[in-house]
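Have the model open as you read.

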Amino acid sequence: MALLYILPLLLHLICPITTVSSVGINYGTLGNNLPSPKTVAQLLQSTLIDKVKIYDSNPQILQAFSNSGIDLIVAVENNHVANISSTKSAAQDWFSARIAPFIPATSIVAIAVGNEYLATDDDSLDPNNLIQAMQNLHEVLLSRGLDRKIKITTPHSMAVLATSFPPSASTFATTLMPTMTSIVTFLADTGSPFMVNAYPYFAYRDNPTTVPLEYALLGNSTGVHDPSGYVYTNMLDAQIDAIRSAIASLGFGNRSIHIIVSESGWPSKGEPDETAASPDNAKTYNTRLITKAQSNKGTPMKPNDKIDIFVFALFNENKKEGGASERNFGLFNGDGSKVYDVDLSCEFCSGTKMEFGFGPGSKMVQRGPSVWCVAKPHADERVVQGVLDFCCGAGGVDCREVYENGGCFMPNKVHAHASYAMNAYYQMHGRNYWNCDFKGSGLVTFSDPSYGTCRYSQQ
């Protein structure tokens, strides 16, 4: 009996708890040659991406991401904001038709009301409608008991600032002060994040003689000094802290408002005069951006406040308006081929690195007669460790394969060991969907997770 207590302890010692970091991505659909939402959802489950932001509430996308283990941020398009702001019943109708049919199977964690709504050239967009629409949708969530699960916010461009440098002196544009005060108050009161679309690329493109390229590419080690003493080694940190200062200038310095970089990326191609828009620069920027998103590090002003980042974008979109660079921010072309190589592999998704892609020859999640249960790649390590302890103890799973010298000992990671144990438990108990829940940390997969000498059991 004592052995049941000792073995989980040994597993805990050889698999220390670490923080699992992840990255989000923007999934735009302004193209006529893109993979189906179902294909996209299946492929993303085998990557380090666990958050996806879309620009509408496309029912095909919402359905495709059901039970995927990936969190979704949906959006109210700019031209629908006025209607939702008109009455609470209009907001209720929109939610009932567009969101309610897909939850909880699809994990919707936020609704972005508009996109850069305050910085558009469309004079018909009333700033007052934005905050009213946000409030109306929040009332809908309150009435349904969903206000803790789903947050209401709106993504801003850097144009809402009067100036962004030096970061410590940044404020919102004078004409937007009343609106921004209302929005920030709403975010603080509801525990919702402030979203900003931050693009060092555009700052460099418009000021190539004053902005060092490496600084824009997140790689200037010499740093730029703020008069308040902060040192910035990359422009993105400076942009984020400029937003912090602007929020603080409204009197919210002592309130906790989480900042999310809702868009950031670098184009691989542009107009003839956009010389910095190249595959090499795009690869450099997005590789560093993904590393930053996984680092759990903040900015000079708030070094311990992790910043969630959504890479822009998953695909090149050949029907998007604007210059050539606007259509070439994707990691992938519309046909599924890689624009350049950025590592999106997840060490916990399978035993070996996966060659990820949407094109011919790429590994797909194929549905078949066999099914397995594994740990969600980004599930909390403490929860996963508890599941591992249970399976190898009271759950009755023979876990010798994940002990040292066992066929599944490597990789020596909690998620890898737990996946083996969770699957064994799942197979033992008849492969019912509730046998792969494990406090929300389990994921049913139709792709055999076996690798090398490690063989996962199946019914």
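Helices here are DSSP runs of H or I with at least four residues, strands are E runs of at least two, and both are numbered from the N terminus.

A quick word on what you're looking at: this is a predicted model, where local features need pLDDT of at least 70, side-chain atom pairs count only at pLDDT 80 or more, and totals for chains, interfaces and linings use all residues. Numbering runs from 1 along each chain as its sequence is written, and side-chain values use heavy atoms, with hydrogens and water left out.

The structure has three disulfides, a disulfide being a pair of cysteine sulfur atoms within 2.5 Å. Here they are together.

| Disulfide | S to S distance | S-S torsion | Hand |
|---|---|---|---|
| Cysteine 392 and cysteine 399 | 2.0 Å | -90 degrees | left-handed |
| Cysteine 408 and cysteine 454 | 1.9 Å | 100 degrees | right-handed |

The link of cysteine 408 and cysteine 454 also bridges distant parts of the chain, with cysteine 408 in the loop between α12 (381-392) and α13, and cysteine 454 in the segment after β15, 46 residues away. Count the bonded cysteines along the chain and the pattern reads 1-5, 2-3, 4-6.

Then there's cysteine 391, which is in no disulfide; the nearest cysteine sulfur belongs to cysteine 392 and is 6.5 Å away.

Are these cysteines buried or exposed? Cysteine 373 is buried because its relative accessibility is 0%, and cysteine 436 is buried because its value is 3%. The cutoffs are under 20% relative accessible area for buried, over 50% for exposed and partly exposed in between, using a 1.4 Å probe and protein chains only. Cysteine 392 and cysteine 399 are both buried, as are cysteine 408 and cysteine 454.

How many cavities of 30 Å³ or more does a search of the whole structure find? It finds three. On a 1 Å grid over the protein atoms alone, a cavity is a set of points where a 1.4 Å probe fits but cannot get out, a pocket is an open set with protein on both sides within 12 Å along at least five of seven lines, and lining residues have an atom within 4 Å of a point. Grid points are joined across faces, edges and corners, and a volume is the space filled by probe spheres set on the points.

The second largest cavity has a volume of about 60 Å³. Its lining includes Leu44, Ile70, Pro377 and His378. By class, that lining has five nonpolar, five polar and two charged residues; Ala, Val, Leu, Ile, Met, Phe, Trp, Tyr, Cys and Pro count as nonpolar, Asp, Glu, Lys and Arg as charged, and the others, Gly among them, as polar.

The second largest pocket holds about 1,300 Å³ of space. It is lined by 41 residues, and Glu116, Tyr199, Phe202, Glu263 and Glu326 lie nearest its centre. The elements giving two or more residues to this lining are β7 (161-163), α8 (200-206) and α10 (235-252), and α8 gives the most, with four. The lining divides into 19 nonpolar, twelve polar and ten charged residues.

## Two side chains to click on

Serine 325 sits in the loop between β13 (308-311) and β14 (372-375). Serine 325 is buried because its relative accessible area is 2%. Its side chain makes a polar contact of 3.0 Å with that of glutamate 274; a polar contact is a pair of N or O atoms within 3.5 Å, where, within protein, one must be able to donate a hydrogen and the other to accept it, and residues adjacent in sequence count only if both atoms are side-chain atoms.

Histidine 258 is in the loop between α10 and β12 (259-264). Histidine 258 is partly exposed because its relative accessible area is 34%. Its side chain makes a polar contact with the side chain of aspartate 308 at 3.1 Å.
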